[in-house]
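I opened my notebook to see what I could look up in this one.

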Amino acid sequence: MTAARLGVVALLAVAPSCGYHSTASAALPGDVRSIRVVPPDPSYTLEPQLPTMLAAELVRQLARAGVHASTAGRAEASLSGKLLALTTVDAPLDPSGRRVGARQLRLALELYLAAADGRTLWRSGRLEVETSSPIAATTTPSETTRVAALQAIAVRAAAQAVELLTSGL
């Protein structure tokens with residue numbers, strides 16, 4: 001094997017470990033190549049930041065899957081939906097319940113991919129996602145821990161939604 005070929009083989013062997021991923025586009029319903037992500041309707045939650053966080057995460061996850069996506073501009077299809085429920089439970093660290101050990105969030109949502117002419121190309125059905133974020137024993141739940149928990153649930157929900165969308169399910 002020539003030195004050039006050996007170098008290419010070595011590069012291909014280490015590429016996955018350095019975060020490199022293929023930019024081949026995922027197969028989407030209706031042969032869509034670009035998606036405009038619309039922040040989901042937050043009407044069933046009391047967290048006004050969550051729709052924006054989720055939209056940004058969906059764009060990021062779609063881009064990782066090789067799909068051109070943004071929250072602005074024109075696209076062949078739009079991805080939108082509804083946040084159906086968000087529950088938050090602070091799990092106590094000690095029996096007195098005075099200190100919180102973790103914040104658990106459960107999010108239910110539905111997403112829809114619609115063509116520019118309004119035809120529905122894909123529906124997620126009801127997606128349910130759960131996360132648990134530890135809170136240090138020396139602190140009380142704060143705005144910072146709340147936002148971190150919301151970001152964690154947005155990341156998990158977007159990853160699950162994009163996996164479903166790009167798998168054709």
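**Entry 1: a salt bridge**

I started with Glu 47, which forms a salt bridge with Arg 146, the closest N and O atoms being 2.2 Å apart. A salt bridge here is a side-chain nitrogen of Lys or Arg within 4 Å of a carboxyl oxygen of Asp or Glu. Glu 47 lies in the loop between β1 and α2 and Arg 146 in helix α3, so the pair ties together parts that are 99 residues apart in sequence.

I noted that this is a predicted model, where local features need pLDDT of at least 70 and side-chain atom pairs count only at pLDDT 80 or more, while totals for chains, interfaces and linings use all residues. Residues are numbered from 1 along each chain as its sequence is written, and side-chain values use heavy atoms, with hydrogens and water left out.

Is Glu 47 buried or exposed? Glu 47 is buried, because its relative accessible area is 16%; buried means under 20%, exposed over 50%, and partly exposed in between (1.4 Å probe, protein chains only). Next I checked what Glu 47 touches beyond its neighbours within four places in sequence, and got Leu 86, Arg 146 and Leu 150. Contact means heavy atoms within 4.5 Å.

Helix α3 covers residues 143–167. Helices (H or I, at least four residues) and strands (E, at least two) are DSSP runs, numbered from the N terminus. The 25 residues of α3 should span 36 Å at 1.5 Å a residue, and the end C-alpha atoms are 36 Å apart, so the two agree. The expected span is 1.5 Å times one less than the number of residues.

I listed the buried residues of α3: Ala 149, Leu 150, Ile 153, Ala 154, Ala 157, Ala 158, Ala 161, Val 162 and Leu 165.

How many salt bridges does a search of the whole structure find? The search finds six.

I looked up Arg 33 and Glu 76, whose side chains meet in a salt bridge at 2.9 Å, N to O. This pair links distant parts of the chain, 43 residues apart: Arg 33 is in the loop between α1 (3–14) and β1, and Glu 76 is in the loop between β2 (68–70) and β3 (77–92). Arg 33 counts as exposed at 58% relative accessibility, and Glu 76 is partly exposed at 30%.

Then I checked Arg 106 and Glu 130, with side chains that meet in a salt bridge at 3.1 Å, N to O. Arg 106 lies in strand β4 (residues 100–115) and Glu 130 in strand β6 (residues 127–134), so the pair ties together parts 24 residues apart in sequence. Arg 106 is partly exposed at 35% relative accessibility, and Glu 130 is partly exposed too, at 43%.

**Entry 2: helix α2 and a proline**

Back to α2, which has 15 residues and reaches 21 Å from first C-alpha to last, close to the 21 Å expected at 1.5 Å a residue. Its buried residues include Leu 50, Pro 51, Met 53 and Leu 54. Just after α2, Gly 66 takes a positive phi of about 90°.

Pro 40 sits in the loop between β1 and α2 and counts as buried at 2% relative accessibility. Not counting residues up to four places away in sequence, Pro 40 touches Pro 51, Leu 54, Gly 81, Lys 82 and Leu 83. I also noted Pro 40 and Thr 52: they are 12 residues apart in sequence and 8.0 Å apart in space, C-alpha to C-alpha.

**Entry 3: an arginine on a strand**

Arg 123 is in strand β5 (residues 120–123) and counts as exposed at 53% relative accessibility. Leaving out residues up to four places away in sequence, Arg 123 touches Glu 110, Leu 111 and Tyr 112.

**Entry 4: the whole protein**

I finished by zooming out. The protein has three helices and six strands, and from the N terminus on they run α-β-α-β-β-β-β-β-α. Of its 169 residues, 36% count as buried.
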